[in-house]
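Please look through the sequence and the model first.

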Amino acid sequence: MLYIGANLTKALNSTKEGFFSCTINRNNRYREPLRVLAEEIKSWAKQKTGQGILTPQLLHSDSSSFNMSFKSYPPSILHEITTGDGFGITCKQWIPEGEKKPYPAFLINGYVHDVYCLPTEPRDMVRTLLDEGYETWLLQPRLHPTNPSNDFTMDDIGKYDIPSAIAKVCELHGPSVKIHVIAHCSGGLSIHMALMGGHISPVNIASLSCTNSSMYFKLTKLNLVKLTLPLIHISMAILGKDTILPLIETSKESYRQWILKYISRLMPRYERCTYDECTVVSGVFGNPYWHENITPTLHHWLNRQAQLTLPMSGLRQIAKIGSTGHIVNATGEDVYLTHPERIPLPTLYLSGGRSIVVTPETSLLAHQYMKLHQPGFKHKRVVVDGFGHSDVLFGEESYKKVFPHIISHMKAVEQGLVADSNAKN
């Protein structure tokens, strides 16, 4: 851990002690220690990053002015799946109209927000894949709001959730089916854990496309600064046994949950929003997107209808991964990158060029790793200017600036698979 100034250390310790010294009254004397804590963090962050933290107040139209009458969404089939450790997850399946390609697409979201299935947007990833003729699957693992776990690690998703969902695809299509995997943020971490941990066979993977994620996870300077503080440990201590944080402003919450949300609102960030739900999420993770890149209707849907809760348990391991810079297991052991032989796949690593959570070094190092260890496969890296983190996939212009890179990678891989099949015959 980096050196923490004396004032900041004092603020952290006094605040932590205050959390448990008595029953918390929401209007009592702990507001002042929390405010002092936030000011010390901002001051320390400025010292470490060499710059001030920008916190403009972003204004959004009142929700009553939004056109929330969504375009009819393609019908899906919901599969309920019991994983190898007995946990219940779900997976959505969409079947395209007309001619169907033989290689299904399998989507894995990041830690927070659905980035693929967006009822407010006419050109999201699911609709794009269906228009291209791809049967599309969307994993809803144990960190998804519909299946929130109170105690899990990212290892669990790689070891149990992803293998169980892919087994369902194989059950319907046969054991030799090949799947295009598209993964974002923590979803990209998890698919690499599943592969490099030996939990799924690369035989069933046609291609791998990851956005702002890979086996590496290089955070921005501000997020690295936040990780040098014991904020995750304090946050989990505050929450106690109930580690699922309600996000909707009108939700009932315990005093422990209220404290954590109060602290998150005080955290430094690049942009500040008028939506409390967005403010809490960005306090925990940092801003997940640049607001100017997404539509107001999507912003409203994300914060008021889509993300009702935030399971916090997996953040312990995310913090270890962020500090290390690459995937490690829940205890911090380097058990994944030592197995490059388990990921013989064509890959696409895509980064946003306007960093807000992770930097483009995330895709650069992964691209170099794959070219070094798997030179016999096609590997591609793309940096798309103007995009940050999740806005690479749900930005208003993602359909024309980002999606074509993913689709062209999939089609190029398919041409190679067809050529290989013809050569064998």
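The points below go from the whole chain to the sheet, the helices and a few single residues.

The model is predicted. Its chain has 425 residues, of which 58% count as buried. The chain contains 15 helices and twelve strands. Of the contacts between residues at least 6 apart in sequence, 76% link residues at least 24 apart.

**The sheet**

- Eight strands form an open sheet with mixed pairing, in the order β2-β3-β5-β4-β6-β7-β11-β12.
- The edges are taken by β2 (77–82) and β12 (379–384); each has a single partner strand, so one side of each has no neighbour in the sheet.
- From one strand to the next, the twist averages 20°.

- With neighbours within four places in sequence left aside, the contacts of Lys168 are His79, Ile81 and Trp137.

**Helices α9 and α10**

- Two packed helices are described by the angle between their axes and the distance between the axes.
- For α9 (residues 276–285) and α10 (residues 296–306), the angle is about 80° and the axes are 8 Å apart.
- This angle makes α9 roughly perpendicular to α10.
- Helix α9 contributes Asp276, Glu277 and Cys278 to the contact, while α10 contributes His299, Asn303 and Arg304.
- By type, the residues of this contact are one nonpolar, two polar and three charged.
- The buried residues of α10 are Thr297, Leu298, His299, His300, Trp301, Leu302 and Asn303.
- These buried residues of α10 pack against β9 (272–273), α9 and α13 (391–394).

**Leu219 in its loop**

- Leu219 belongs to the loop that lies between β7 (205–211) and α6 (221–227).
- Its relative accessibility is 13%, so Leu219 counts as buried.
- Beyond residues up to four places away in sequence, Leu219 touches Leu224, Leu227, Gly322, Val357, Val358 and Thr359.
- Leu219 and Thr362 are 143 residues apart along the chain, yet their C-alpha atoms are separated by 8.2 Å.

**Cysteines**

- A disulfide is a covalent bond between the sulfur atoms of two cysteines.
- How many disulfides does the structure hold? The number is zero.
- Cys91 has a relative accessibility of 0%, so it counts as buried.
- Cys210 also counts as buried, because its relative accessibility is 1%.

Methods: Residues are numbered from 1 along each chain as its sequence is written. This is a predicted model: local features need pLDDT of at least 70, side-chain atom pairs count only at pLDDT 80 or more; totals for chains, interfaces and linings use all residues. Side-chain values use heavy atoms; hydrogens and water are left out. A disulfide is a pair of cysteine sulfur atoms within 2.5 Å. Buried means under 20% relative accessible area, exposed over 50%, partly exposed in between (1.4 Å probe, protein chains only). Axes are lines fitted to C-alpha atoms, for helices over the stretch in contact, and angles run from 0 to 180 degrees between N-to-C directions. Helices (H or I, at least four residues) and strands (E, at least two) are DSSP runs, numbered from the N terminus. Angles under 35 degrees count as roughly parallel, over 145 as roughly antiparallel, 65 to 115 as roughly perpendicular and the rest as oblique. Contact means heavy atoms within 4.5 Å. Ala, Val, Leu, Ile, Met, Phe, Trp, Tyr, Cys and Pro count as nonpolar, Asp, Glu, Lys and Arg as charged, and the others, Gly among them, as polar. Two strands pair if DSSP finds at least two bridges between them.
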